[in-house]
Amino acid sequence: MTEVEERTPLEAVQKAREIWLNATKQSDLDEVERLYRWALSSKKNIETDGNDGSERPKKKAKQGHCGLDRSDYINASEKFALLLCQSGRCKKAKKGLASIGFTCRLAKRVLDYPDESKESDDSSPNADHKQQKVPPCTIVDNFLSQAELERLQSVFQSTTANYWTSHDYAVEPPSPYFSYVLSLEQIETNGFGFIGELIQKVLHCPQLAEKFPKLPNTRYVEMWAHNRPHASGHQLHFDSDDEGRGGVRNPIISTILYIADGDDDIAGGPSMVTNQKLSDEKLATKGWMSSPKPYRLVAFDGRYLHGVVPGKGTREGRRVTLMFAFWDEIKIRRGLGPGSARPFPKNVLPPWASQLAKPMEATETDNEYVNCKTAEPIKLDRVYETLDGKAWNKQEMPAYDEVFQGF
């Protein structure tokens, strides 16, 4: 028997995902594909349980899902479809996606996203320049200084850093959402050192002031972070106070800072913002993507649907990001342990908060935005497609579980 045949189908798909999240070369992805193919086509069966073990053992029953229960079968099928779509084989994913109930998917240009450095204003294959929409987002390159980047890396870069371990942070399965809130009144009164200065720098960035006229209404800033493997994404969602409990309220804007060093080719897939609001009755028709890049700031109108596309291919390192949401009003929720919108620590600071609140050394600069430069996003003339790869033109909103995201 081969090594893969000695595994159960469930063990095979678990091993496939483990290899995928740590892949550094193409042969790793080839092994991932082999494991998924075997598990999804395996004829191994699972014995059905008796009531209490006293009854006569029942006959082995075919599960109809290759030895996987339905949930594991669907999850494995989705991951395999994503692997196909991200390697230029969307057409080959059609049959499998249809068999588990999907009617449409994210567009090929989303999942198999282009290289931002090779994009041009007219590079979207189906672009209609007469109907180009103004994006609800802006990208500012060279926003962070080297010193600011290094401070953020000291807090967030390592997976064993105090910020992650003290919150029991995990990616798969994901740990519960947690965030912290500072009021501008607190920042203006107490400073809050580096993190207060960084928030003020974002708040007064000329490119953002021009794009988002309601930004001066900010009274509170919520912060959270993520540290993900290259192949891990974040499903499309709306930013909301307390994750939408008690009704959805969106921030004025949300922002992303990429905490990465080195060249432009860093880990993680692009951030994507669409033109879909919660009140819309049909799917997004336009989108804009930003690749992870050192020193880069991305800001977008908090009312719009957005997410993170899983990184395709292989990259070493992780996708580390710090987010700020700027609110005119948000409820600060006190409580024990990690949670949504906790007050930023004061008085006795945990190590991660102490690192963020420690002031930066003074620098001699007349204009901290002197190196900032607005960059163009990757434009998407479609966000969703039929399983055949045609534009999704239906007016009705499909059910959430009929839309394949892949992450």
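Me: What should I know about the model and its numbering before I start?

Reply: This is a predicted model, in which local features need pLDDT of at least 70 and side-chain atom pairs count only at pLDDT 80 or more, whereas totals for chains, interfaces and linings use all residues. Residues are numbered from 1 along each chain as its sequence is written, and side-chain values use heavy atoms, with hydrogens and water left out.

Me: How many helices and strands are there in the protein chain?

Reply: Helices (H or I, at least four residues) and strands (E, at least two) are DSSP runs, numbered from the N terminus. The protein chain has eleven helices and 16 strands, and 51% of its 407 residues count as buried, where buried means under 20% relative accessible area, exposed over 50%, and partly exposed in between, with a 1.4 Å probe and protein chains only.

Me: How do I describe two packed helices?

Reply: Two packed helices are described by the angle between their axes and the distance between the axes. Axes are lines fitted to C-alpha atoms, for helices over the stretch in contact, and angles run from 0 to 180 degrees between N-to-C directions. Here the axes of α1 (residues 9-21) and α3 (residues 70-85) come within 11 Å and cross at roughly 40°.

Me: Which residues of α1 and α3 meet?

Reply: Contact means heavy atoms within 4.5 Å. On the α1 side L10, V13, R17 and W20 take part, and they meet D72, A76, K79, L82 and L83 of α3.

Me: Which residues of α1 are buried?

Reply: The buried residues of α1 are P9, A12, V13, A16, R17, I19 and W20. They lie on the same side of α1 because they cover an arc of only 165° around the axis, the arc being that of the directions from the helix axis to the C-beta atoms. These buried residues pack against α2 (26-41) and α3.

Me: Is D168 buried or exposed?

Reply: D168 counts as exposed, because its relative accessibility is 64%.
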